[in-house]
Amino acid sequence: MSITQNLTATSISSSSSSFFAPSTFNSRNQVSLPVKSVGICKCVAAPQQAETAYKTKVSRNGNIAKLQAGYLFPEIARRRNAHLLKFPDAKIISLGIGDTTEPIPEVITSAMSKRSYALSTLEGYSGYGAEQGEKPLRSAIASTFYNDLGIDDDDIFVSDGAKCDISRLQIVFGSNVKMAVQDPSYPAYVDSSVIMGQTGLYQKDVEKFANIEYMRCTPENGFFPDLSSISRPDIIFFCSPNNPTGAAATREQLTQLVQFAKDNGSIIVYDSAYAMYITGDNPRSIFEIPGAKEVALETSSFSKYAGFTGVRLGWTVVPKQLLFSDGFPVAKDFNRIVSTCFNGASNISQAGGLACLSPDGLKAMRDVIGFYKENTDIIVETFDSLGFKVYGGENAPYVWVYFPGRSSWDVFGEILEKTHVVTTPGSGFGPGGEGFVRVSAFGHRENVLEACRRFRQLYK
């Protein structure tokens, strides 16, 4: 057998090891060398022993194990991706997760760019900042959103978003408290309560966790709970305008809520992340209600105002008047948690936040909000024309559509399968959302119009 025969019978792939260096060998030179006859060597893989994964001796957090499934929005993303594998050529339109889509106004990004560039200079560089936020931004938040409401700049804690602050607040409250939440409501309230150990096990028959007071909010009660039917909670999570229903509480309703908290010695965690979408005279802050500073704190965000869902910037207001049962200020404990768990919001993000609250920045944010509210008008008109009962949209970027007698996940699947549009199943926000689907107004105008055309085609 010649070397030539050996080489030509062997295939060496381009991914072979680098020791196959370039060679000057010419296979056309027929050089034969005496070789010994070599038998065929057959390589047989030995059966692989089943590997046993190494386990530590650390027990899993039993509270996390109580959670029934993945967090709502990653689960929606998983189903969207599975749909795309099934229909790889489909043009999927996402009106599900409440993620902004329009560019951040230049008056805001230019301020962030300037701050970012300054970090490359000796004069402009800064490292760790105050965990509570930069004083100019705290002052601007106080004067813009809480003017004449008795809120000082040192009542405000700047953060990387309201969602993050919700979990920090849960650490402050600890595990020995009872929560009340609107039903339906933003799932982070319930999930963080479960993780903190505030709840019992999940009760499948009623689709609720034990030891949480679910305050049912329906079209019949104006999406405001019957407080007389609720047992005493320690902490009340209340979002207005509400995610997902879009309902904004009236002044009279919030006055009832504050009085209920006072009568029961409860603390209200008021989520005002959509307050700038309110067009009527509904309160934009819980602190517009007399006495609220003694029973409430408020969390909010730039995410849905300025398109900061990726930039990450929010704030929480904890008034000095808010005290625990032993008289200790809640703000001092929250400050301790913030200082321990957080190094402060990005200085670049805070520069953007300060620009948001300039006269030009406020106008730019209102313009973006106006764009999304036009989208809600289009979505509401579409489902109205198809004969559906539609709620929300007026004071929030969400439209709450009722599909009587149907499972929310089934409707979600039907819409995705037949129109390639992603929505959010109402039951993902609590048992009170069953039979509803939330449609988000966060989308490019052409996508919203196309999605509505598909809805008309499906439900005509």
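Biologist: Which way do β8 and β9 pair, parallel or antiparallel, and over how many bridges?

Modeller: Parallel: strand β8 (residues 267–271) and strand β9 (residues 296–301) share four bridges. Strands here are DSSP E runs of at least two residues and helices are H or I runs of at least four, numbered from the N terminus. Two strands pair if DSSP finds at least two bridges between them.

Biologist: What kind of model is this, and how are residues numbered?

Modeller: It's a predicted model, where local features need pLDDT of at least 70 and side-chain atom pairs count only at pLDDT 80 or more, while totals for chains, interfaces and linings use all residues. Residues are numbered from 1 along each chain as its sequence is written, and side-chain values use heavy atoms, with hydrogens and water left out.

Biologist: Back to β9, then. Which residue there is the bridge partner of isoleucine 268?

Modeller: That's alanine 296.

Biologist: How does β2 run against β10, and what stands opposite isoleucine 156?

Modeller: β2 and β10 run antiparallel, joined by four bridges. Valine 317 in β10 stands opposite isoleucine 156.

Biologist: Where do the β2 side chains point?

Modeller: Ile156 and Val158 go one way, Phe157 and Ser159 the other, and all are buried. Buried means under 20% relative accessible area, exposed is over 50%, and partly exposed sits in between (1.4 Å probe, protein chains only). In a regular strand, side chains alternate between the two faces of the sheet.

Biologist: New topic. How many disulfides?

Modeller: Zero, taking a disulfide as a pair of cysteine sulfur atoms within 2.5 Å. As for individual cysteines, cysteine 239 is buried at 1% relative accessible area, and cysteine 341 is partly exposed at 46%.

Biologist: How many salt bridges, then?

Modeller: The structure holds 21. The rule is a side-chain nitrogen of Lys or Arg within 4 Å of a carboxyl oxygen of Asp or Glu. One of them pairs arginine 251 with glutamate 288, with the closest N and O atoms 3.2 Å apart. Arginine 251 is in helix α8 and glutamate 288 in the loop between β8 and β9, 37 residues apart.

Biologist: What does arginine 445 pair with?

Modeller: Glutamate 374, with 3.1 Å between the closest N and O atoms. Arginine 445 lies in helix α14 (residues 445–459) and glutamate 374 in helix α12 (residues 359–385), so the pair ties together parts 71 residues apart in sequence.

Biologist: Is glutamate 414 buried or exposed, and what's its partner?

Modeller: Glutamate 414 counts as buried at 18% relative accessibility. Its side chain meets arginine 406 in a salt bridge (3.0 Å, N to O), and arginine 406 is partly exposed at 30%.
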